[in-house]
Amino acid sequence: MSTAVSTATPRRLSVDAKLRIAIGILSVIGIGIGTYLTYTHYAKLNVLCLSSGGCETVQHSRWSKLDGIPVATLGLAGYIGIFISIWIRGELGRASGFGLALVGFLFSMYLTYREAFTIHAYCQWCLGSAAIMTVLAILTTIRMLRTETVEPVAPKKKPVDRAERRRQMAARR
Amino acid sequence: MASRTKQKEEARARRLAEERARAERARRDRRIRMIGGIVVGAIIIVGALIAINSGGGNKGGIQTGTERNATVTAVDQMFAGIPQSGATLGNPKAPVTMTYYGDYECPICQEFTLQGGFPQLVSNEVRQGKVKVVYKSFCTATCNGPNPNVFPTQQVAGLAAGKQNKFWQYTELFYREQGQEDTGYVNEAYLTALARQTTGLNLTTWQSDRNDSSLTNQVSSDQHAGKTIGVTGTPTLVFQGPKGETGMSEVASYAQLQQAIKQVS
């Protein structure tokens, strides 16, 4: 019995750990992109871009800001939030990571739509960030749904102990 | 006795199993409610973000009534007494020239013209005859919008006002009453309404000047000139003076403009 528990627990937790590692790596890449775009915005530098002028067209469009704040800075804040969430234990960490990734994913989809149908120009950094947010949304959703089976493992010990104690008491009588 | 104890144990085990199942169900329900709440919350937040990003309720467009009167007065005051010739604002012999590559439909140009360093530059350096501003048409927002073909028409409308030395009043009015990007708001009614608001503009002459092919050619040559020097976005500002040339492509503050002017003076 005890062997069954000890073999099952690490296997399940390792999947969660793998998810956390993947989320951590992706959010660090996202932080890198967000930092670079925020820096180039405030340092008034041109963004390195593969397509001629695509990034500048997107960066100079009205959609690149949200009430004066560059969307890249908001993305950076989102990635930092997701990164922090993997270090928070329990439901709060999973739920906050899931919520942030979902908001990031939906807003990235909107911005990609603007690039394709309004601005008619693409910024590789923005598309890269949108792809990372999509994967993060999938991973945080899996983590949110999966952990349901991980949690109940520990409390199983108690009923076994109580039954044992009763049997011992009955034997004493 | 033993079987009774066994029965009791079995009943207890069943009860415990039921309790566990109930707790599991409750936990699952709570989790589903939480996920649902997060999804609904995320949709509301993103909806609000999109509303802000799309410009909310501020649609701009042609002003009327007291709002229009206030705008016209402000524009007249801004350019009163400053010499103009075509798309050039300021003393033609000013030592420094700032070439402003812009697109009338570009919201960032609007930001620079209305909230950036431009108004202060006009009030100080341009008014004092130290700097002159030359506007050149460069298609960005209009070409990315639903009706790129309107670009020459709208820019020629400004240049036609320039033939009566009212280019900058017309341009300033365009930026002040710029409509919502990508809505195709620029049409004949819009361009004529701005001309009517331009104090002192002869409307009949303006209409006939709009057919002047040299103005359309000027728009094309401005675009070509911009491409030649590597302009990719608007506003792009190029400063030329006795000490050389410098450029920037952004919503420049007054301090940044002053620094660039100092660099080439």
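A salt bridge here is a side-chain nitrogen of Lys or Arg within 4 Å of a carboxyl oxygen of Asp or Glu. Keep that rule in mind for the views below. This is a predicted model, where local features need pLDDT of at least 70 and side-chain atom pairs count only at pLDDT 80 or more, while totals for chains, interfaces and linings use all residues. Residues are numbered from 1 along each chain as its sequence is written, chains are lettered from A and ligands numbered from 1 in the order in which they are written, and side-chain values use heavy atoms, with hydrogens and water left out.

**View 1. Where chain A meets chain B.** How many residues does each chain bring to the contact? Chain A brings 34 residues and chain B brings 33 residues, with contact meaning heavy atoms within 4.5 Å. The size of an interface is often given as the accessible area lost when the parts come together. For chain A and chain B, the buried area is about 3200 Å², and carbon and sulfur atoms give 58% of that. (Buried area is the accessible area, taken with a 1.4 Å probe, that two parts lose on being put together, summed over both.) The rule picks out 2 salt bridges across this interface. There are also 4 residue pairs in polar contact between the two chains, both residues being at pLDDT 80 or more. (A polar contact is a pair of N or O atoms within 3.5 Å; within protein, one must be able to donate a hydrogen and the other to accept it, and residues adjacent in sequence count only if both atoms are side-chain atoms.)

View 2. On the side of chain A that touches chain B, at least two residues each come from α2 (54-59), β1 (65-66), α4 (90-119), α5 (124-150) and α6 (157-172). (Helices, H or I with at least four residues, and strands, E with at least two, are DSSP runs numbered from the N terminus.) The largest share, 14 residues, belongs to α4(A). Sorted by class, this side of chain A has 16 nonpolar, 7 polar and 11 charged residues. (Ala, Val, Leu, Ile, Met, Phe, Trp, Tyr, Cys and Pro count as nonpolar, Asp, Glu, Lys and Arg as charged, and the others, Gly among them, as polar.)

**View 3. A salt bridge from chain to chain.** Look for A:K65 and B:E111, whose closest N and O atoms are 4.0 Å apart in a salt bridge. B:E111 sits in helix α3 (residues 107-114) of chain B and A:K65 in strand β1 of chain A, so this pair joins two chains. B:E111 is partly exposed at 25% relative accessibility, and A:K65 is partly exposed at 24%. (Buried means under 20% relative accessible area, exposed over 50%, and partly exposed in between, using a 1.4 Å probe and protein chains only.)

**View 4. Along helix α4(A).** This helix has 30 residues and reaches 42 Å from its first C-alpha to its last, close to the 44 Å expected at 1.5 Å a residue. (The expected span is 1.5 Å times one less than the number of residues.) A:R94 and A:E91 form a salt bridge, with their closest N and O atoms 3.5 Å apart. They are 3 residues apart in the helix, so about one helical turn separates them. Is A:R94 buried or exposed? At 7%, A:R94 is buried, whereas A:E91 is partly exposed at 21%. Just after the helix, A:H120 takes a positive phi of about 55 degrees.
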